Amino acid sequence: MSAVKVCALADIASGQVRKFAVEGRNIAVVRIDDDVYAIGDKCSHADVSLSEGEVLCDTKELECFKHGSAFSLVSGMPNTLPATQAVPVYAATVVDGNVMITVENTK
Ligand code: FES
């Protein structure tokens, strides 16, 4: 298990989300101020890309554009219906100005 560089912090504006493929998984990477968050990109309600949704900075959530479930960037849990299952959460850090994502090779 090791951290993978996905981009420079400057490549994501605060309040924005970008999708990256890391070790075969699609991951939505969100920046809020100088913090970064990484959750599974696929909504748990249907096969929809969460990175096409909206970042809710105040509540640290990513909202699915399809039906509006807002997923916590911290826990991966949907805080609003219709989704009820969590999406994966990945460790995300900034090292030397680069966004680093860690994916465990458990699956
Ligand atoms: S597809 Fe995401 S909430 Fe329905």
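# Chatting through an all-strand model

Reader: Hi! What share of the contacts in the protein with a separation of 6 or more comes from residues 24 or more positions apart?
Author: Those residues account for 41% of the contacts in the protein with a separation of 6 or more. Two residues are in contact here if their C-beta atoms, placed from the backbone, lie within 7 Å.

Reader: Where does the model come from, and how do I count residues?
Author: This is a predicted model, where local features need pLDDT of at least 70, side-chain atom pairs count only at pLDDT 80 or more, and totals for chains, interfaces and linings use all residues. Residues are numbered from 1 along each chain as its sequence is written.

Reader: Thanks! How many helices and strands does the protein have?
Author: There are 0 helices and 9 strands. Both are DSSP runs numbered from the N terminus, with helices being H or I of at least four residues and strands being E of at least two. Along the sequence the pattern reads β-β-β-β-β-β-β-β-β. The radius of gyration is 13 Å, close to the 13 Å that the globule rule gives for 107 residues, so the protein is as compact as a globular protein of that length. That radius is taken over C-alpha atoms, and the globule rule is 2.2 Å times the number of residues to the power 0.38.

Reader: What does the C-alpha trace span along its principal axes?
Author: About 40 × 30 × 20 Å.

Reader: And how much of the protein counts as buried?
Author: Of the 107 residues, 30% count as buried. A residue is buried if 20 or more other C-beta atoms lie within 10 Å of its own, exposed if 12 or fewer, and partly exposed in between, with C-beta atoms placed from the backbone.

Reader: OK, strands now. How do β2 and β3 pair?
Author: Strand β2 (residues 16-22) runs antiparallel to β3, with 7 bridges between them. For strands to count as a pair, DSSP must find at least two bridges between them. Gln 16 has Arg 31 in β3 as its bridge partner. The two strands form a hairpin with 2 residues between them, and Glu 23 in the turn has a positive phi of about 50°.

Reader: Which residue is the partner of Ala 38 in β8?
Author: Tyr 90 is the bridge partner of Ala 38 there. Strand β8 (residues 89-95) runs antiparallel to β4, and 2 bridges join them.

Reader: What's in the turn between β3 and β4?
Author: That hairpin has 2 residues between its strands, and Asp 33 is in the turn. Phi of Asp 33 is near 55°, a positive value in a residue other than glycine.

Reader: Is Asp 33 buried or exposed?
Author: Asp 33 is exposed, with 8 other C-beta atoms within 10 Å.

Reader: What order do the strands take in the open sheet of 3 strands?
Author: The order is β5-β6-β7, with antiparallel pairing. β5 (54-56) and β7 (70-72) stand at the edges with a single partner strand each, so one side of each is left without a neighbour in the sheet. The twist averages 30° from one strand to the next. For such angles, axes are lines fitted to C-alpha atoms, for helices over the stretch in contact, and angles run from 0 to 180 degrees between N-to-C directions.

Reader: What joins β5 to β6?
Author: 3 bridges join β5 to strand β6 (residues 61-63). Val 55 stands opposite Leu 62 in β6.

Reader: Last one: where is the cis peptide bond?
Author: A cis peptide bond joins Leu 81 and Pro 82, with omega about 15°. Pro 82 is in the loop between β7 and β8.
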